[in-house]
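Q: Please take a close look at one helix of this model and at the loops around it. I would like the answer as one connected account.

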Amino acid sequence: KPKVTQVKRPRAGFLTADLRRRLFGEAPVAAAESAHAQDVSLEEVEEPRSRVGLRLVSEAVDGWQTVLKDEGRRSFAAHRAQALPKDTAQRFLEHAMRDVNWQQPEGTWGPIPRKTSWMTRAPCCCRYGYGGLRMEPEPMAPWLLETMELCMPLCGIAKEDWPDSCNLNLYESGDHSVGWHSDDEFLFQGKFQDCLIIS
């Protein structure tokens with residue numbers, strides 16, 4: 001195989017040690033030790049997860065179906081069908097529609113094609129920005145905390161590792177959308193380490 005020079009990305013300490021161990025396994029192999037162990041194909045843009053010890057939610061918790069598996073880019077997506085009972089999901093939707101302070105900021109070409117809100121849980125009070133927009137934080141609503149109580153265990157995430165922020169988008173019609181994008185904002189550290197996104 002042709003060799004590709006890999007850029008080593010710095011690892012920020014964004015995850016707790018316990019969550020990193022549960023998501024990535026007990027003893028990930030150091031990049032420096034594994035760099036010479038195997039040639040890298042042209043399709044591999046990222047180090048293989050076997051080398052960095054990345055463990056997928058769909059491998060750690062039953063009930064998930066992997067729908068995207070791109071080992072070369074270390075990009076994965078999984079779906080869990082009917083994670084919540086229909087009446088519970090409907091109740092959360094009604095809270096979101098009624099209780100969230102929805103905003104529709106102006107983008108480069110006018111109002112963005114969706115409504116949005118950024119909620120945080122103390123001590124986090126960070127702002128969120130993407131595509132030139134800046135969202136001020138709103139306190140995390142009780143119904144959203146209840147949602148996490150039901151959903152985080154389904155993802156294998158212990159309470160001490162729950163997210164302290166959430167970006168909410170409201171698509172009111174078929175005209176509302178979000179374009180193809182990368183969640184590469186500095187806040188999420190996705191350019192420096194693997195990050196788990198729950199949607």
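A: What follows starts with the confidence of the model, then turns to the helix and the loops.

This is a predicted model, in which local features need a pLDDT of at least 70 and side-chain atom pairs count only at pLDDT 80 or more, while totals for chains, interfaces and linings use all residues. Residues are numbered from 1 along each chain as its sequence is written, and side-chain values use heavy atoms, with hydrogens and water left out. The average pLDDT (the predictor's confidence in each residue, from 0 to 100) is 79, and 78% of the residues score at least 70. Over residues 1–15 the pLDDT stays under 50, and over residues 27–42 it likewise stays under 50. Where pLDDT is low, the predicted coordinates should not be read in detail.

Helix α5 covers residues 86–99; helices here are DSSP runs of H or I with at least four residues, strands are runs of E with at least two, and both are numbered from the N terminus. Thr-88, Phe-92 and Ala-96 of α5 are buried, where buried means under 20% relative accessible area, exposed over 50% and partly exposed in between, with a 1.4 Å probe and protein chains only. Seen down the axis of α5, the buried residues fall within an arc of 75 degrees (taken from the directions from the helix axis to the C-beta atoms), so they line one face of the helix. These buried residues pack against α6 (142–151), whereas Lys-86, Asp-87 and Arg-98 are exposed on the other side of α5.

The loop between β2 and α5 contains Gln-82, whose phi is near 50 degrees, a positive value in a residue other than glycine. Gln-82 counts as exposed because its relative accessibility is 76%. Arg-74, in the loop between β1 (65–70) and β2 (75–79), also has a positive phi near 50 degrees, but Arg-74 counts as buried, at 8% relative accessibility. The side chain of Arg-74 makes a polar contact with that of Asp-194 at 3.0 Å; such a contact is a pair of N or O atoms within 3.5 Å, and within protein one must be able to donate a hydrogen and the other to accept it, with residues adjacent in sequence counting only if both atoms are side-chain atoms. Most residues other than glycine have a negative phi, and most peptide bonds are trans.

Methods
Contact = heavy atoms within 4.5 Å. Expected span 1.5 Å × (residues − 1).
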